[in-house]
Amino acid sequence: MKLILLGAPGAGKGTVAKLLTEMDGSVQISTGDILRGAVQAGTELGKQAQAYMNAGDLVPDELIMGIMGKRLQEPDCEKGFLLDGFPRTIPQAEALKVMLDELGIKLDMAVNIDVPRDVILDRLTTRRTCSNSDCQAIYNVKSNPPKVEGVCDKCGSPVIQREDETEEAISHRLETYNEKTAPLIGFYENEGLCVTVKATSSEDVINAIKARLAA
Ligand code: ADP
Ligand code: ZN
């Protein structure tokens with residue numbers, strides 16, 4: 001399957017994407033994971049992206065399109081991909097459209113995961129992430145803590161609170177979402193690709209996607 005996952009920070013894009021990869025071998029492509037990996041590795045990309053990320057601002061479109069132009073041409077994308085956190089602005093969506101046309105790739109749908117704001121705020125402040133850039137497993141101190149406090153179940157690395165998950169950066173990320181990313185819902189509605197799923201459980205979101213793919 002070839003899907004775009006839309007939704008506010010904390011809507012569950014990453015969790016849903018991970019579950020979908022287990023279904024048919026499609027790869028999860030998370031620009032946030034790629035950027036955090038680059039910051040940790042200290043690459044040029046990481047150095048350019050870090051300040052924007054820590055403030056909860058978007059990284060410039062040019063940098064993102066540079067990453068994605070290469071990533072979508074890697075062979076593992078042939079089976080399908082789940083775009084998690086990309087596109088995030090109208091210019092990114094337009095550039096993606098051109099890129100996919102050139103590659104002859106057709107999207108199945110853009111899933112808009114619609115979760116109430118109070119649930120989002122609660123999730124983001126209690127979210128914890130594995131610090132290993134190759135893992136980046138997601139936990140929640142209340143609903144899904146690691147078996148041993150502060151230690152990743154999957155890889156044993158420390159589980160941390162992301163630097164952009166302070167209260168200030170979170171509220172800024174949500175403003176940025178409303179201003180820059182929410183307009184993509186209309187963009188993909190015009191393309192006839194948008195499917196909105198109102199659900200707070202990842203299982204419900206997955207089932208709605210499966211039903212749509214089968215229809
Ligand atoms: P979340 O969805 O929880 O906000 P992500 O891991 O998707 O988190 O993104 C973390 C940060 O990485 C964003 O706040 C932003 O700075 C940067 N980022 C990720 N994807 C993009 C993108 N497509 N365009 C611009 N910036 C991005
Ligand atoms: Zn881990």
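## Pro87 and its loop

Pro87 sits in the loop that runs from β3 (81–84) to α5 (90–103). Helices here are DSSP runs of H or I with at least four residues, strands are runs of E with at least two, and both are numbered from the N terminus. The peptide bond between Phe86 and Pro87 is cis, with omega about -10°.

This is a predicted model, in which local features need pLDDT of at least 70 and side-chain atom pairs pLDDT 80 or more, while totals for chains, interfaces and linings use all residues. Residues are numbered from 1 along each chain as its sequence is written, chains are lettered from A and ligands numbered from 1 in the order written, and side-chain values use heavy atoms, without hydrogens and water.

## Zinc site

Four SG atoms coordinate the zinc ion (ligand 2): those of Cys130, Cys135, Cys152 and Cys155, at 2.3 to 2.4 Å. Donors are N, O and S atoms within 2.8 Å of the metal (3.2 Å for Na, K and Ca); water is not among the atoms, so sites may look incomplete. Along the chain, the donors are spaced C-x4-C-x16-C-x2-C.

The arrangement is tetrahedral because the donor atoms subtend angles of 99 to 116°; for four donors, the term requires all angles between 85 and 135 degrees. Cys130 and Cys135 are both buried, meaning under 20% relative accessible area with a 1.4 Å probe and protein chains only.

## Gln136

Gln136 lies in the loop between β5 and β6 (138–140). Its phi is near 55°, a positive value in a residue other than glycine. Gln136 is buried, at 4% relative accessible area.

## Second largest pocket

The second largest pocket holds about 330 Å³ of space. A pocket is an open set of points on a 1 Å grid over the protein atoms alone, where a 1.4 Å probe fits, with protein on both sides within 12 Å along at least five of seven lines; lining residues have an atom within 4 Å of a point. Volume is the space filled by probe spheres set on the points, which are joined across faces, edges and corners.

The lining has 16 residues, with Arg36, Val39, Ile160, Arg162 and Glu163 nearest the centre. At least two residues come from each of α2 (31–41), α3 (44–55) and β5 (127–130). By class, four lining residues are nonpolar, eight polar and four charged. Nonpolar covers Ala, Val, Leu, Ile, Met, Phe, Trp, Tyr, Cys and Pro; charged covers Asp, Glu, Lys and Arg; the others, Gly among them, are polar.

## Aromatic pair

The structure has one aromatic pair. Ring centres must lie within 6.5 Å to pair, and planes over 60 degrees apart count as edge-to-face. Phe187 and Tyr188 are both buried.

Terms used. Four donors count as tetrahedral if all angles lie between 85 and 135 degrees; four count as square planar and six as octahedral if opposite donors are over 155 degrees apart and all others between 65 and 115; anything else is irregular. Buried means under 20% relative accessible area, exposed over 50%, partly exposed in between (1.4 Å probe, protein chains only). Rings of Phe, Tyr and Trp (its six-membered ring) pair if their centres lie within 6.5 Å; planes under 30 degrees apart count as stacked, over 60 as edge-to-face and the rest as tilted.
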